[in-house]
Structures are given as C-alpha cells and as structure tokens.
Amino acid sequence: MNESVKEKIELFVENKEFDTFTQSNMSLLIPISKIGKDSEVFNDKLGFYRIVIDFNLQAKHHNHYVSIICSPYIKFHEELSNDYYVILIEKDFFEQIYFMYDVDSKVIPKYDNIYVEICNDILKYLNMFAFESSKSMPNSNVTIGAHETLIGHWIIRSMLGESVDMRAISSDYSVARAQHYIEQHYSEKITVEQLARLTYISSSSLSHKFKSEIGVSPIDYLLEVRLQKAQNMMRRKNVSLTDVAESCGFSSLSHFSKYFTDKMGMSPTEYQKHYV
C-alpha cells in the first residue's frame with residue numbers, strides 16, 4: 001500500500017467516521033458515527049476489495065455473519081445497520097490468495113454487492129489484527145502479516161463456499177474428540193452412542209456439551225460436514241450425484257437431495273449447473 005493511499009484511509013480517523021487500523025495489505029475500519037453511503041470508502045476511489053460485515057443481518061447458517069463483497073471500483077449500495085466492520089484488502093494481495101484456490105482461472109469474477117456468509121470466528125482474528133495494529137509489540141510486523149494472510153484466506157474460502165470448514169473447534173476434550181472423529185469418518189455410519197464411547201461420557205452428556213459448545217447437535221454437525229464434503233466433490237470432480245451421496249455418508253440419493261435442497265435453497269443438480 002503506497003503512502004498516498006494510506007494517508008487517504010487515515011483521513012477517516014480525522015473525520016471521526018472510523019477507527020482505522022491500517023497495514024501493508026489490509027485495513028480494518030470500525031465506524032464510530034453514523035456513516036452515509038456517499039463516504040469515500042463506499043464509493044471506493046481507492047481500488048480495494050471491500051468486505052463489509054454487518055453484525056445485525058441474519059445469517060442462514062449457525063455461527064456465521066453476513067458480509068457484502070465488492071470488487072475494486074464498484075460502488076457499495078447496500079443499506080447497513082450501525083454495527084459493522086469494513087475490511088479493505090489490497091488488490092494484488094487479494095488476487096494472489098484467490099488464485100491459490102482457483103488455479104485454472106485467469107480472471108477473478110466481479111463482486112458487485114454480493115452477499116457471503118463468513119464463520120463468526122473471523123471476528124477474533126479481526127480484533128487481534130486491530131489490537132496488534134494499535135500496539136507497539138515486539139515483532140508485531142510478523143504477527144500482523146500472519147493475521148492479514150489468515151483473514152484473506154478465511155474470506156476467500158467463504159466466497160468459494162467453503163466456510164463450514166472453518167467452524168470453531170471446541171476447547172472441551174470430549175466435544176473436540178467427537179468433532180475430529182466426525183471429520184475423519186463422515187462417510188461411515190456414526191451414532192451419538194458411538195461418539196460418546198470414544199469420549200467416555202454418556203450420550204446425553206455429549207449431546208448437551210456439543211449443543212452448548214458448537215450450537216448444534218452431534219448429528220447435525222455430522223450432516224453439515226457431509227454437506228460440505230459433497231459441495232467440494234461437486235465443485236471439483238466430474239462425479240454422479242449417486243457417487244457423491246454414497247461417498248459422503250448419506251443413506252440414499254433421495255436423502256442427500258432433500259437435505260441439500262433444504263439447506264442450500266437449490267437442488268444438487270441446480271448447484272452443479274451453477275458452479276461446475
């Protein structure tokens with residue numbers, strides 16, 4: 001980021017619009033007053049990718065935030081609540097990470113006020129980024145660089161439909177053990193009783209802990225993992241839906257199709273037509 005751009009961003013602080021945390025590849029803007037959509041950050045004369053996380057919008061997925069993505073030089077025109085963060089990502093930095101995931105593409109799609117859900121654990125890393133940016137900590141340039149890279153990957157994975165892989169891992173041993181087992185054995189038949197035996201607690205205790213820690217039951221978590229694995233297969237491999245359902249642990253193609261449609265708002269066939 002050149003100095004003139006950095007100076008423009010820092011004007012938001014002087015104008016009392018945002019608390020601003022600016023680094024070489026990324027800036028985090030936190031509003032401190034009511035901001036109009038004619039603000040320069042929304043008109044984007046600076047040439048950044050903009051990700052606006054509105055904390056008051058209702059996400060479809062548990063433990064996710066709704067974000068609005070704009071490519072450089074595209075005007076932001078969505079209505080916002082008073083509770084949001086703006087992430088500005090330097091164009092070359094963003095695109096370098098993007099092409100690590102979509103290696104066959106030569107052009108990145110234009111994002112014109114596109115809604116994307118991001119796992120809410122990103123808030124921890126954004127707040128750590130802000131903390132490191134505002135403190136003169138030893139070797140902060142190293143840790144800030146790591147946060148920039150992590151946040152960039154987190155956002156792009158979410159844009160590519162892979163945010164479920166980034167859900168929080170529990171600090172409770174029994175819940176984390178069950179999570180790890182599910183991630184490794186999702187294609188097999190798994191019961192709560194089986195998971196409970198792994199962790200040496202009762203089925204009811206595990207279910208209660210899982211719901212409290214993760215927000216969903218063990219079986220719902222298992223189904224979410226299977227859904228994510230199915231999406232990955234459908235996006236990256238030329239396979240039949242029957243093979244997808246079987247490989248991801250669904251009992252039948254009809255069960256897979258019904259669950260997929262309920263969760264995604266489109267059938268597996270429609271999803272393949274859209275993404276493959």
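**A helix pair, then a strand**

Let's start with two helices: the axes of α7 (residues 192–199) and α8 (residues 203–214) come within 8 Å and cross at roughly 90°. Axes here are lines fitted to C-alpha atoms, for helices over the stretch in contact, with angles running from 0 to 180 degrees between N-to-C directions. Helices (H or I, at least four residues) and strands (E, at least two) are DSSP runs, numbered from the N terminus.

Before I go on, some housekeeping. This is a predicted model, so to speak of local features we need pLDDT of at least 70, side-chain atom pairs count only at pLDDT 80 or more, and totals for chains, interfaces and linings use all residues. Residues are numbered from 1 along each chain as its sequence is written, and side-chain values use heavy atoms, with hydrogens and water left out.

Back to the pair: α7 and α8 are therefore roughly perpendicular to each other, a label that covers 65 to 115 degrees, with under 35 counting as roughly parallel, over 145 as roughly antiparallel and the rest as oblique. Where do they meet? V192, E193, L195, A196 and T199 in α7 meet S203, L206 and S207 in α8, contact being heavy atoms within 4.5 Å.

Now, strand β5, residues 84–89.

What does β5 pair with? Strand β2 (residues 26–31) joins β5 antiparallel through four bridges, with L29 opposite V86. Strand β3 (residues 49–54) is also antiparallel to β5, over six bridges. Pairing takes at least two DSSP bridges between the strands.

Is R50 buried or exposed? R50 counts as buried because its relative accessibility is 2%. Its side chain reaches the backbone oxygen of S71 at 2.8 Å and that of I74 at 2.4 Å.

Last stop, the largest nonpolar core: 32 residues, with L28, I87, I89 and I155 touching the most other members. A nonpolar core is a set of buried Ala, Val, Leu, Ile, Met, Phe, Trp, Tyr and Cys residues joined through side-chain atoms within 4.5 Å. Helix α5 gives the most to this core, six residues.

Note on methods: Buried < 20%, exposed > 50% of the residue type's maximum accessible area, 1.4 Å probe, protein only. Polar contact = N/O pair within 3.5 Å; in protein donor to acceptor, adjacent residues only side chain to side chain.
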